[in-house]
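Here is a short tour of a protein chain, with the sequence and the model side by side. Please keep both in view as you read.

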Amino acid sequence: QSSASFPLPDSNGGTLTVNSGMPANVQNYGPPPSFQSLDANHDGRISQDEAAAYPPLDSDFLYASGQAKTISKEKYQKWVQDQGE
């Protein structure tokens, strides 16, 4: 892990600290679950709360949703396909 601090010119002496590194343990969550199993309320979309059931999707929610509040079945299928690359 590394860290760097930078002065912020217009902040009356404030600084910005940036930390970077890799997680200590990367867990294998297995293959992505089916859309139907994540869509717990069966409304045809995966919400942020529903995505939390599969941590890799939860952490990639903004990308998978295209910056939207939910993930459609088509967007989920594209996200799953992108994971195989």
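Helix 5 has Tyr76, Trp79 and Asp82 as its buried residues. Because these residues cover an arc of only 120° around the axis, they sit on the same side of helix 5. In general, an α-helix has 3.6 residues a turn, so residues three or four places apart point the same way. Do keep in mind that this is a predicted model.

What covers the buried residues of helix 5? The cover includes helix 1 (35-38), strand 3 (45-47), helix 3 (55-59), helix 4 (61-65) and strand 4 (70-72). Glu74 and Gln81, on the other side of helix 5, are exposed.

| Residue | Relative accessibility | Class |
|---|---|---|
| Lys78 | 47% | partly exposed |
| Asp82 | 18% | buried |
| Leu8 | 36% | partly exposed |

Asp82 counts as buried because its relative accessible area of 18% falls under the 20% cut-off.

Phe6, Leu8, Leu16 and Val18 make a nonpolar patch of about 340 Å². Leu8 is found in the loop between strand 1 (2-7) and strand 2 (15-20).

Technical notes
Residues numbered from 1 in each chain as written. Predicted model: local features only at pLDDT ≥ 70, side-chain atom pairs only at ≥ 80, totals over all residues. Heavy atoms only, no water. Patch = residues over 30% accessible without salt bridge, like charges linked within 9 Å, V, L, I, M, F, W, Y side chains within 5 Å. Areas by Shrake-Rupley, 256 points an atom, 1.4 Å probe, with all protein chains shown as cover. Salt bridge = Lys/Arg side-chain N within 4 Å of Asp/Glu carboxyl O. Helix = DSSP H or I, 4+ residues; strand = E, 2+ residues; numbered from the N terminus. Buried < 20%, exposed > 50% of the residue type's maximum accessible area, 1.4 Å probe, protein only. Arc of directions from axis to C-beta. Contact = heavy atoms within 4.5 Å.
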